[in-house]
Structures are given as structure tokens and as C-alpha cells.
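Dear colleague,

I am passing on the structure we spoke about, and I would be glad if you could look through it alongside the notes that follow.

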Protein chains: 2
Amino acid sequence: MMDRIPIGLELNLTSRTVRRAFDSALLAAGGSLPVWLILLSLKRGNVDNQRELAEAIGIRGATLTHHLNGLETQGVLTRRRDPRNRRVHIVELTQAGEAFFARLREAAMVFDMRLKVGFSDDELSLLARGLNQLRLNVAGNTKEAGKKPPLLPDD
Amino acid sequence: MMDRIPIGLELNLTSRTVRRAFDSALLAAGGSLPVWLILLSLKRGNVDNQRELAEAIGIRGATLTHHLNGLETQGVLTRRRDPRNRRVHIVELTQAGEAFFARLREAAMVFDMRLKVGFSDDELSLLARGLNQLRLNVAGNTKEAGKKPPLLPDD
DNA sequence: TTCAAATTGTTAGATGTCAAATTGTTTGAC
DNA sequence: GTCAAACAATTTGACATCTAACAATTTGAA
């Protein structure tokens with residue numbers, strides 16, 4: 001009812017602020033946000049190719065290529081053609097890459113603790129669900145917009 | 001308790017996805033996200049100088065200067081020195097700028113409706129408060145981290 | 001078998017963003 | 001009055017990101 005700042009603006013400002021703080025924390029460990037996201041996704045092993053990797057972290061394939069070039073030059077990872085499908089590049093961490101990942105993970109874990117201050121488990125879940133709904137609402141197909149179960153009980 | 005995706009990753013992915021969709025909507029109206037944020041903040045009239053304007057929309061002063069240069073070249077706005085404090089630039093929309101703003105506002109309002117689908121007023125408030133808390137948690141001074149009132153009633 | 005369409009990744013060119021250094025202005029201490 | 005410090009904005013040089021166009025490969029249908 002009351003006039004509210006559009007949720008999109010709120011999201012944008014929060015994301016920029018949090019990202020800047022996180023980036024600064026990673027910088028102290030020699031990394032950056034996109035690099036961390038790439039290494040984390042690779043270690044999780046739940047992506048099969050660069051297209052999926054790029055989508056998982058919210059960047060375009062071209063941008064991913066750019067970062068992979070840099071990381072390969074630094075000796076953090078290697079790329080080789082998948083013999084079973086030569087369109088695909090198999091991306092693998094080197095030993096140095098593993099050590100680098102461990103260092104960044106330290107910084108990321110510390111930051112995550114700081115970010116969650118003041119949130120209960122339920123509140124965190126709810127926030128995550130809200131964010132997820134925003135994402136669904138702008139997804140290409142309008143199928144998932146306006147999901148079934150309300151986020152809060154309907155008293 | 002259960003393993004959860006870090007809220008920072010969730011925030012990052014959501015923000016990128018939503019931003020891309022919004023940017024695309026603004027592009028159809030001849031604008032972009034940073035341009036829209038600048039014009040909106042100027043129209044609201046709650047910032048006194050470029051430093052405050054940049055902070056309000058979450059970019060750095062240098063980035064703002066860059067956009068203002070472009071907008072001034074396009075004839076959307078003018079800059080002149082404040083005679084009472086010649087360090088300050090007074091930024092004003094031209095008539096063409098007002099028309100441009102009106103066009104972008106149309107697109108922004110349509111998008112905001114789409115983004116809010118499935119959210120009740122209370123849910124939207126809660127989401128905004130959660131985002132605000134994240135912002136406080138990474139703010140330079142740790143004073144506001146871990147605020148008093150819980151986001152959800154403590155049953 | 002062959003070839004058009006789909007898929008994967010890269011390149012090229014443009015824009016958005018930032019930190020650091022710089023220019024001009026104001027403020028405050030003396 | 002003078003000058004150092006703070007302040008507002010700009011410039012510079014670097015990265016991050018995007019879209020569009022492209023090259024190589026795979027797939028599927030005739």
C-alpha cells in the first residue's frame with residue numbers, strides 16, 4: 001500500500017554493495033569475484049562444459065572465455081579438448097590452482113559468516129526463496145511466474 | 001542446519017539475472033540501467049551533488065562522470081557550476097531529458113509489475129528488509145551489523 | 001552418405017566500472 | 001592574509017562484461 005522503493009532498486013543497490021565488499025575481501029587473497037565463482041563451480045563438479053559453467057555463475061560464454069584465458073596463463077587451470085566431443089573443453093585445476101582455491105575459500109567462508117550476521121536459519125531460507133522467486137519472475141518463459149505456495153503464511 | 005547455497009551467491013545470481021532482464025527492457029526504450037538510475041535520482045531531487053548521486057545508485061564518482069558526459073553530449077542534461085560552491089556541478093534535465101525520462105519510466109513501471117508477481121505486500125517488505133540487513137552487514141563500520149529486531153517472529 | 005541445423009567455444013568491438021592521480025575550490029588554523 | 005588539509009569533480013589507464021559474428025564439431029533427416 002504505502003509507497004515503497006521498487007524492489008529492483010533495492011536489489012541492485014544491495015548487490016553492488018555486497019559485491020564490492022566481497023571483491024575487496026577476495027582481492028586480499030589474490031583473487032576476484034568472477035575468478036572465485038569459476039573455481040568454486042569447477043570444484044563442485046556439477047557443470048559439464050563451459051556453457052553450463054557460465055550459466056551457473058551468471059555470466060556469458062564470451063566473458064567466461066576471457067577469464068579462463070587469464071587463469072590458464074597464470075597456470076591455475078588447463079583446457080584440453082574432450083576426445084568424446086571435440087567441441088567441449090575439459091577445464092581442470094592444476095596443483096597451483098588447488099592451492100589458490102583453498103586460499104580463496106578461506107576468505108569466502110569468513111565473508112559468508114559476516115554476511116549472515118543477524119539472520120536465523122528460517123530468515124535465511126526465506127530470503128533465498130524470495131530471491132529465487134525474483135529470478136523466476138524475469139525468466140524468459142512466464143511459466144513459473146507467480147508460484148503456488150506463498151512465501152509467508154496467509155493469515 | 002542443512003547445507004545451503006551461500007546467500008551471497010544467491011544474491012549475485014539473482015541480481016545479474018534481474019539486471020539483465022531490466023536492462024533489456026530499458027534498451028527497447030533507448031536507455032540502460034545506469035542511465036535510468038541517474039535520471040530517476042535527479043528527478044527525485046534528494047541528492048545535492050554528484051558524490052551523493054553516485055552513492056545513491058551504487059557507482060563510483062568516476063563512473064558517474066562518464067555517464068554524465070554521455071548524457072550531456074546527447075542533450076539529455078546540462079551541468080553548470082554552483083555559484084555558491086564552485087566545486088559543485090548543478091545537473092539539470094533538459095526538455096528532451098524530461099521526455100526521455102518519461103519514456104524510461106514507462107518501461108520501468110511495467111518491469112516492476114512483472115518483478116513483483118507472486119509477492120504480497122508483507123513479503124515484499126520482508127524481502128526489502130532482508131536486503132537492507134545484508135547491506136548493513138558489510139558496511140564499513142560494524143556498528144549496525146546484527147540489528148535488534150528479528151526479521152521473523154521468534155516462535 | 002551427405003548436408004543443413006544445432007551446439008560449443010572463441011574473437012572482435014563496444015560499454016560499464018573501478019582505483020589512483022589530478023585540478024580547482026573551500027575551510028580552518030595560525 | 002596564508003597555507004595546509006579536506007573536498008568535488010574529472011582524467012587516465014585498466015578490467016569486466018555484453019552482443020554479434022565466427023569457426024569447428026556433432027546430430028539428424030533425407
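Below is what was found on the relation between the two chains and on the interface between them.

Please keep in mind throughout that this is a predicted model. Chain A can be laid on chain B by a turn of 180° with a shift of 0.0 Å along the axis, and the RMSD of that superposition is 0.0 Å. The two copies are thus related as by a two-fold rotation axis. The same surface serves both copies, in that 100% of the contact residues of chain A recur in chain B.

As for the extent of the interface, 60 residues of chain A are in contact with 60 residues of chain B, and the two chains bury about 5,400 Å² between them, of which 63% lies on carbon and sulfur atoms. Of the area that chain A buries against chain B, 12% is supplied by A:Ile7, A:Arg135 and A:Val138, which is more than any other three residues supply.

A:Arg135 also takes part in a salt bridge, its side chain meeting that of B:Glu10 at 2.9 Å, N to O. Across the interface of chain A and chain B the rule finds four salt bridges, and it finds 21 residue pairs in polar contact.

The elements that give two or more residues to the side of chain A that touches chain B are α1 (7–27), α2 (33–44), α3 (50–57), α5 (95–115) and α6 (121–138) of chain A, and the largest share, 16 residues, comes from α6(A). By class, this side of chain A has 31 nonpolar, 13 polar and 16 charged residues.

With best wishes

Definitions and conventions: Residues are numbered from 1 along each chain as its sequence is written. Chains are lettered from A and ligands numbered from 1 in the order in which they are written. This is a predicted model: local features need pLDDT of at least 70, side-chain atom pairs count only at pLDDT 80 or more; totals for chains, interfaces and linings use all residues. Side-chain values use heavy atoms; hydrogens and water are left out. Copies are superposed by least squares on the C-alpha atoms of residues with pLDDT of at least 70 in both. Contact means heavy atoms within 4.5 Å. Buried area is the accessible area (1.4 Å probe) that two parts lose on being put together, summed over both. A polar contact is a pair of N or O atoms within 3.5 Å; within protein, one must be able to donate a hydrogen and the other to accept it, and residues adjacent in sequence count only if both atoms are side-chain atoms. Helices (H or I, at least four residues) and strands (E, at least two) are DSSP runs, numbered from the N terminus. Ala, Val, Leu, Ile, Met, Phe, Trp, Tyr, Cys and Pro count as nonpolar, Asp, Glu, Lys and Arg as charged, and the others, Gly among them, as polar.
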